[in-house]
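Reader: I have a model to go through. Please show me how to read its main features, one at a time.

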Amino acid sequence: MLNNLPLPFPRTYLPGIYAFVLFIAICFYYSEYQEVLSLRQQLYKLQEKKKECEYASHRFESYWYKCENTCARLIEEYNNQNLEPLNNSSAPESEFPSTPTTNYSPPPPLKGSPFKYPINIQNENPPEEKPSSIFPPPKLPPPLKHNKDNTTSIGFVGWPIPPQITEHIPLNLEFFPNLIGPYIPPPFYKSLLVCTTGESGKKLLNKLVEKFGLEHFSYVIFLYDKSNWQEFSWYDKVIWIRASRQVKFWYIQRFITPELVRQYEFLWIIDDDVGVEQIDPLDYERIMRKYDLQYSQPANLQGPDLKVSHAITIQVPGNHIGRYTKFVEIGPLIVFTAEAWNCAYTLLQADVSCGWGYDGLWFDYCKFKNAAIIDRYPLTHQFKGNLMAIPGRPDPAVEKDVLVWRFDHVKTNFPTDMWWDPEIGKKFG
């Protein structure tokens with residue numbers, strides 16, 4: 001029936017008309033597609049700007065809490081001095097001149113003074129010293145030779161030295177794009193997470209990396225067996241260190257040094273048998289900043305298949321955030337600030353293995369002020385115990401007794417020693 005319909009033009013024009021309508025439709029959909037692409041690009045840029053703003057606010061919040069804590073500490077120290085207020089109105093006017101005296105010249109230094117010339121307020125530039133003939137100045141290195149390819153070499157050494165890498169590059173675990181730079185420092189908001197694991201810890205560690213993410217954390221994974229982890233998508237984005245038949249703090253004492261950790265904000269030391277489903281890592285770090293905690297741990301949940309070594313670490317229900325304590329268990333998860341790790345690392349002995357006993361010495365040895373157990377974010381510890389059965393490794397209990405004997409001059413803060421302390425268990429938040 002359609003073939004019999006009358007048309008105002010010859011039927012031979014139909015293919016051309018169809019082609020023209022199809023061309024118009026394609027142009028319309030192409031323009032719409034281009035508009036969708038541009039909107040997606042704008043959305044992506046807005047998301048990137050949002051992330052930058054979040055990181056900036058995160059950094060500002062960290063500095064704000066540090067300034068608040070520093071001001072509160074200074075005010076507390078000033079109030080503890082019990083100083084009488086100074087009343088200038090009762091003093092004679094001559095004792096408080098309105099303009100400072102400019103003709104004052106201090107007396108020459110006493111005999112044996114470390115100063116080589118008299119201190120003169122009006123002369124800020126000291127006189128130049130003549131070079132000593134007994135101790136000549138050190139010899140300078142040979143001058144740099146500039147090559148045609150815009151590189152420099154020292155003396156006759158043929159290896160080119162990139163001219164842009166002249167400053168000191170701090171030690172960290174960030175991947176460089178190539179050997180000659182440019183150097184990319186880690187963002188201020190990044191933290192370092194270390195874990196000792198093997199074949200049996202694949203499932204839980206994969207859940208941990210997927211929950212914590214790769215944007216805020218850098219990972220160092222210590223392997224004590226010959227397990228293969230290339231099946232995971234994040235395999236190429238973490239640092240792997242393999243040493244057979246070793247225990248957690250053997251690796252940490254050798255690789256996680258304060259020079260490396262100070263490039264990050266927090267250090268997370270975690271076992272591979274820990275469930276972190278209820279932990280929000282970013283909010284956990286916010287709590288540590290707000291309450292100026294040097295180190296802390298999440299509380300432990302109780303259960304038939306869960307391991308709890310000390311009753312003080314069991315979660316206390318309530319609306320509070322955490323409890324102050326002088327004992328933070330060395331495992332299964334402990335979080336240090338970079339400043340706190342600078343001292344805690346110095347306590348580690350060369351023969352450290354599992355680390356038992358250090359958790360009772362850190363607080364007083366380093367003179368920490370704030371340590372806590374965070375009840376808001378508990379964890380589950382599915383104790384495996386396989387590392388304790390490695391032949392040739394010392395018994396953890398013996399390691400603890402030897403450590404306490406070595407540091408007998410330091411007050412211990414094990415749970416059995418703290419029952420009388422009124423500050424233990426004080427809730428906050």
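**Surface, confidence and contacts**

Author: Start with the surface. The protein exposes about 28300 Å², and carbon and sulfur atoms supply 59% of that area. Accessible areas come from the Shrake-Rupley method with a 1.4 Å probe, and for residues only the protein chains shown count as cover. This is a predicted model: local features need pLDDT of at least 70, side-chain atom pairs count only at pLDDT 80 or more, and totals for chains, interfaces and linings use all residues. Residues are numbered from 1 along each chain as its sequence is written, and side-chain values use heavy atoms, with hydrogens and water left out.

Reader: What does the protein average in pLDDT?

Author: First the term: pLDDT is the predictor's confidence in each residue, from 0 to 100. Here the average is 74, and 68% of the residues score at least 70.

Reader: Where is confidence lowest, and where is it highest?

Author: Strands and helices are DSSP runs, numbered from the N terminus: helices are H or I with at least four residues, strands are E with at least two. The protein has 8 helices and 12 strands. Confidence is lowest in strand β2 (residues 152-154), at a mean of 40. The highest value is 95, in strand β10 (residues 333-337).

Reader: What share of the residues count as buried?

Author: Buried means under 20% relative accessible area, exposed means over 50%, and partly exposed lies in between (1.4 Å probe, protein chains only). Of the 429 residues, 37% count as buried.

Reader: Is Arg 289 buried or exposed?

Author: Arg 289 counts as buried because its relative accessibility is 6%. Its place is in helix α5 (residues 281-290). Leaving out residues up to four places away in sequence, Arg 289 touches His 58, Ser 62, Tyr 65, Asn 69, Glu 265 and Phe 266.

Reader: Which residues make the nonpolar surface patch of about 760 Å²?

Author: Tyr 13, Ile 17, Tyr 18, Phe 20, Val 21, Phe 23 and Ile 24. One of them, Ile 17, sits in helix α1 (residues 14-80). Ile 17 counts as partly exposed, at 33% relative accessibility.

Reader: How many disulfides does the structure hold?

Author: A disulfide is a pair of cysteine sulfur atoms within 2.5 Å. The structure holds 1. Cys 343 is joined to Cys 366, S to S 2.2 Å. The link is left-handed, with -95 degrees about the S-S bond. Cys 343 lies in helix α6 (residues 338-344) and Cys 366 in the loop between α7 (362-365) and β11 (371-381), so the pair ties together parts that are 23 residues apart in sequence.

Reader: Are Cys 343 and Cys 366 buried or partly exposed?

Author: Cys 343 is partly exposed, at 22% relative accessibility. Cys 366 is buried, at 13%.

Methods: Patches are made of residues with over 30% relative accessible area and no salt bridge: like charges are joined within 9 Å, nonpolar side chains (Val, Leu, Ile, Met, Phe, Trp, Tyr) within 5 Å. A salt bridge is a side-chain nitrogen of Lys or Arg within 4 Å of a carboxyl oxygen of Asp or Glu. Contact means heavy atoms within 4.5 Å.
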